[in-house]
Amino acid sequence: MSSEWDRELDRARLHFVSGKGGAGKTTAAASLALALATGGRRVLLAEVEGRQGLAQLFDTPPLEYSERRLAAAPGGGEVRALAIEAEAALLEYLAMYYSLGVAGRTLRRMGAIEFATTLAPGLRDVLFTGKLKECVRRTDTNGRHTYDAVVVDAPPTGRIVRFLDVTRAMADLARMGPIHGQSEEVVGLLHSSDTVVHLVTLPEQLPMRETLETVEELDAAELRPGAVLLNRVRPSRLATRSVLAAAGGRVDATRIRDGLRSAGLDWDVEVLDGLVAETIEHAGRASAELSAREQLDNTSLPFVELPDYVDGIDVAALYELAEGLVARGVGGSR
């Protein structure tokens with residue numbers, strides 16, 4: 001598949017971003033939210049794991065269970081942020097559907113909420129996805145959606161399918177009443193074209209294999225895979241035809257020495273050996289990136305490459321990543 005964003009993905013309104021731990025899914029989610037907000041749109045960026053990764057990334061105070069402005073996007077857009085907590089979501093749910101505002105606070109003091117979510121671990125995920133559904137569907141007095149898109153820094157690939165599909169099981173448990181209706185609505189949203197699951201991976205064999213396995217799991221659960229975000233890609237310093245040979249350790253040191261001398265550089269043996277070793281290491285990574293692209297080319301998934309920032313990610317880097325995503329088609333034509 002072409003390494004460009006699929007314009008069909010812009011029609012989705014709920015974007016989950018998952019990936020293997022350490023692949024950079026929080027960075028990718030934040031960059032995607034900025035890209036989708038570019039050009040005057042309002043986007044909600046939510047997290048559900050309680051890690052406060054978004055607050056650390058944007059260097060802001062910890063997020064709370066209230067939507068607040070996080071960043072401005074080019075062209076007049078806005079990104080707001082929300083940290084979804086199970087207890088706060090349950091209290092809101094009780095107040096909304098059962099008018100148990102005061103009773104809910106009493107339950108919190110008794111520890112009943114923690115007991116309930118411990119007894120039924122899937123309940124936490126139901127509360128999280130239920131709150132996300134409310135954010136996606138919410139409209140203003142003019143009937144316009146509050147948010148043009150909602151982006152979620154989701155659980156890692158090891159449990160993303162269970163996180164998204166648990167609501168169907170809860171719907172089967174509750175056959176009537178508000179819980180049943182709420183669950184049915186969430187199931188309908190998560191299994192509709194309004195929802196996509198983007199997967200962040202690294203150009204390495206193990207993360208790539210896990211990503212493709214997750215795609216199969218999403219398909220089996222009738223959940224819609226989005227794009228693959230190939231993270232930490234470095235530009236190759238070698239011609240493609242030279243990568244495989246160098247990755248296999250076949251580097252002609254004599255040729256390198258002669259080339260250096262012709263350029264007026266007469267390096268000693270130790271420096272030359274170090275250069276050869278670095279060339280082999282670089283070629284190994286470049287070979288892995290070529291293999292990753294080939295595997296993605298053999299799928300029906302769009303994929304977008306994100307560059308590596310050797311000095312780490314700061315807010316400026318997030319905007320650069322977002323700009324690159326927009327250049328590859330994220331957000332459609334502005």
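**View 1. An open, mixed sheet of eight strands.** The strands run in the order β3-β4-β2-β5-β1-β6-β7-β8, with mixed pairing, in an open sheet. Here two strands pair if DSSP finds at least two bridges between them, and strands (E, at least two residues) and helices (H or I, at least four residues) are DSSP runs numbered from the N terminus. At the edges sit β3 (68-73) and β8 (303-307), each pairing on one side only. Direction ignored, neighbouring strands are turned by 25 degrees against each other on average. This is a predicted model, where local features need pLDDT of at least 70, side-chain atom pairs count only at pLDDT 80 or more, and totals for chains, interfaces and linings use all residues. Residues are numbered from 1 along each chain as its sequence is written, and side-chain values use heavy atoms, with hydrogens and water left out.

View 2. Six bridges link β2 (residues 42-47) and β4 (residues 77-83) in the parallel sense. Look for Arg42, whose bridge partner in β4 is Glu78. Helix α12 (residues 269-297) packs on the sheet and touches β7 (225-233) and β8; contact means heavy atoms within 4.5 Å. The directions of α12 and β7 make about 170 degrees (axes are lines fitted to C-alpha atoms, for helices over the stretch in contact, and angles run from 0 to 180 degrees between N-to-C directions).

**View 3. Helix α1 crossing helix α13.** The axes of α1 (residues 25-37) and α13 (residues 315-327) come within 8 Å and cross at roughly 60 degrees. Among the residues that meet are Leu32 and Leu34 in α1, and Leu318 and Tyr319 in α13.
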